[in-house]
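Please read the following account with the sequence and the model side by side. It begins with the ligand, moves on to helix packing and ends with the backbone.

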Amino acid sequence: MPYKSREKSKIIPNKPTEDQPQEKSKKTPQLLRGMKDILPEDQHYWDFISRRVDATAKTFGFGRIVTPVLEETSLFVRSVGKETDIIEKEMYTLDDKHGSSISLRPEGTAGVVRAYIEHGMLNRPQPVKMFYYGPFFRHDRPQAGRYRQFHQFGFEIIGDKHPVLDAQMLMMTYVFYQEIGLPISLQVNSVGHPECREDYKKVLVDYYKKRKNSLCEDCKNRLQKNPLRLLDCKESDCQVLMQDAPQTVDYLCEECNEHFVSVLEHLDGLEVPYVLNPRLVRGLDYYSNTAFEIWPEVYNPVEEDKDEDEENKEDKDGENANEETEKNIEPVKPSSQSALGGGGRYDYLVEELGGQPAPAIGFAGGIERLINEIKMRHIDIGQPTPPDIFVAQLGDEARKKILKLFSELRKSGFQIAESFSKNGLKPQMEMANKLGVKFTIILGQKELIDGTLLIRDMESGLQETVDYDTIKDELKKRLANHGVRKNSRSTNRSSDNLS
Ligand code: AMP
């Protein structure tokens, strides 16, 4: 439901859309195009990212904020900008039961700023530093690395315009990726405040008007409506024209220039490497002064010189956009289109949305793209640790008792796996082996009668009989010898609090 072309209608369950042709047969419901399931086997990547975001935010003194995924449509129209692709084409907009227009959030800053105003955060010590992560929605053309529901994390500093805060934000972003071990570049530019931008826009329009015939249809439109967006175009012909386009930094007023120079000096002082990118503009209207992006370095493990046709062939129509296969891993020349994230100052947004003036700077990073990079580059994020123990039973009586034992061991902090519904020992041992547990506890008829249990060391294959009542101590002892404590500390596991 793109914002402009939406029809006034209530949400009707199962109403067919352009992506869901109506069919008479009982078809198995399918994942919506451009959406993605995150399966259990991928969960450790997501846990890893949220841990890294939390840790980085904490060390920089940011507090987490969670805003709703649904907001008034006008919030995004007024902040992101009417003439942007996000608002014109990509927003999921609908009317609620009272006829108010609401939208699924396409980005995070607008909601955070609304919350800043609504909760009177201007009265707190300034600046207020907040971070977030969660799902966002854009009805974009799906491609590898571009989804209709995707996830971002973001950092925002609201309430001060000192250039040292720009430098802090850029450093924070840089170290976030650096500490993960990703080779990235920090691309920096200044787009000036709105007046500088007006001057710049005029020369930009002049430049492009003379070359209008080479522009794509979208850019011909942008030339009229929003010329800065010309520098954002993904079409190759327009990208060629972009190379010689005027640069924003040549049109900064003295104040904006000073601000930018100061940001760069702070970055130099911090020894944060950056690339000055004079044509970097951001896709949203609210940015002013500092604009920056994080680009991944080129990754090309197979062949350096791939025929460009080959590169473009993949996913032209987005048919395979839900798949994350090796074939999606192509050497891509870094650009705004492959950016891992971006941000900038938004000194006028709080005011635009009805608050007292509160200059601000922020960053948002894409999580799916980050995970793709981590996978592609085989970055070590640690493996999910398997459970320590497997409990196996033989027969119905044993099953009852082993269920109880499972419950007690779990309460005491052990990580246990089981296969309660199985009967034979063989399938249970196969599962224990597959999981990579360290010990399997076996309860058969003999042990039931004797009040004992068998502990099998899965590495050595040795089995020992122990008294049922001593099982916790026996397990603790054996796990400690196995070096579990060391492992668990490095992976935040909980056998330190075994009772
Ligand atoms: P933006 O604010 O649009 O520059 O988005 C910041 C980052 O979010 C981008 O650099 C991407 O990494 C990620 N991102 C934006 N849109 C999408 C999308 N449709 N699918 C996946 N990731 C996205």
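A polar contact is a pair of N or O atoms within 3.5 Å; within protein, one of them must be able to donate a hydrogen and the other to accept it, and residues adjacent in sequence count only if both atoms are side-chain atoms. The model is a predicted one, in which local features need pLDDT of at least 70 and side-chain atom pairs count only at pLDDT 80 or more, whereas totals for chains, interfaces and linings use all residues. Residues are numbered from 1 along each chain as its sequence is written, and side-chain values use heavy atoms, with hydrogens and water left out.

At the ligand, a polar side-chain atom of Arg138 lies 2.7 Å from a ligand oxygen atom. The backbone also takes part: an N or O backbone atom of Tyr147 lies 2.8 Å from a nitrogen atom of the ligand, and one of Gly341 lies 3.2 Å from an oxygen atom of the ligand. On its own the ligand has 480 Å² of accessible area, of which the protein covers 90% (areas come from the Shrake-Rupley method with a 1.4 Å probe).

Around the ligand there are 13 residues, of which Arg138, Tyr147, Gln152, Arg282 and Ala339 come nearest; a residue counts as near if one of its heavy atoms lies within 4 Å of the molecule. The residues of this shell divide into 5 nonpolar, 4 polar and 4 charged, where Ala, Val, Leu, Ile, Met, Phe, Trp, Tyr, Cys and Pro count as nonpolar, Asp, Glu, Lys and Arg as charged, and the others, Gly among them, as polar.

How do the helices pack? Helices (H or I, at least four residues) and strands (E, at least two) are DSSP runs numbered from the N terminus. Helix α1 (residues 43–59) packs against helix α12 (residues 367–376) at an angle of about 115°, with the axes 11 Å apart; axes are lines fitted to C-alpha atoms, for helices over the stretch in contact, and angles run from 0 to 180 degrees between N-to-C directions. The two helices α1 and α12 are therefore roughly perpendicular to each other (a label for 65 to 115 degrees; under 35 is roughly parallel, over 145 roughly antiparallel and the rest oblique).

Turning to the backbone, a cis peptide bond, with omega about -5°, joins Gln126 and Pro127, and Pro127 is found in the loop between α4 (109–118) and β5 (128–137). Asn289, in strand β9 (residues 288–296), has a positive phi near 50° although this residue is not glycine.
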